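Please look through the structure below with an eye to its charged side chains, and to how they pair with one another.

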Amino acid sequence: MAVEQTLSIIKPDGVEKNVIGECFRRFEKGGLKIIATKMVHLDQAKAEGFYAVHKERPFFASLVKFMTRGPVVISVLEGENAIQKNRDIMGATNPAEAAEGTIRKDFASNIEENTAHGSDGPDTAKFEIGYFFDAGEIHSR
């Protein structure tokens, strides 16, 4: 297995529910290291740019509205097979289908307000990390 980096976002609902520390605990317990993190309040343009891949989808406007309603915590996670590990820790996109003990099963309200985002592959991770972080903000350890 290779050491990978992936992007994680604790979405506005997760920040509002005050589960940032619990999400971080789960990442670390799952073998991931948090090598960069920051809290930001996305504006319309930043959210639209990040989710541009979904621009033609019917949920795009509501997703952008949700992601701009309050602050989010954006992190870079690193570890062996980090992309899949993070996705396993988060659980299925729809919390009703997520496995017991996953972030989305435990904290998400519905498929849109699903508490966490994680990169879905190496190319996506590279784009997403670069979208939010400069190289000097990331510190492998």
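R26 and E22 sit four residues apart in helix α2 (residues 20–29), which means that about one helical turn separates them; helices here are DSSP runs of H or I with at least four residues, strands are runs of E with at least two, and both are numbered from the N terminus. These two residues form a salt bridge in which the closest N and O atoms are 2.8 Å apart, a salt bridge being a side-chain nitrogen of Lys or Arg within 4 Å of a carboxyl oxygen of Asp or Glu. R26 counts as buried at 15% relative accessibility, whereas E22, at 25%, is partly exposed (buried means under 20% relative accessible area, exposed over 50%, and partly exposed in between, with a 1.4 Å probe and protein chains only).

This is a predicted model, in which local features need pLDDT of at least 70 and side-chain atom pairs count only at pLDDT 80 or more, while totals for chains, interfaces and linings use all residues. Residues are numbered from 1 along each chain as its sequence is written, and side-chain values use heavy atoms, with hydrogens and water left out.

R26 also forms a salt bridge with D106, again with 2.8 Å between the closest N and O atoms. Because D106 lies in helix α6 (residues 103–107) and R26 in helix α2, this pair ties together parts that are 80 residues apart in sequence. D106 is partly exposed, at 36% relative accessible area, and a network of salt bridges links E22, R25, R26 and D106.

Elsewhere, R69 and E16 meet in a salt bridge of 2.7 Å, N to O. R69 belongs to the loop between α4 (60–67) and β3 (72–80), and E16 to helix α1 (residues 12–16), 53 residues apart. The count of salt bridges comes to six.
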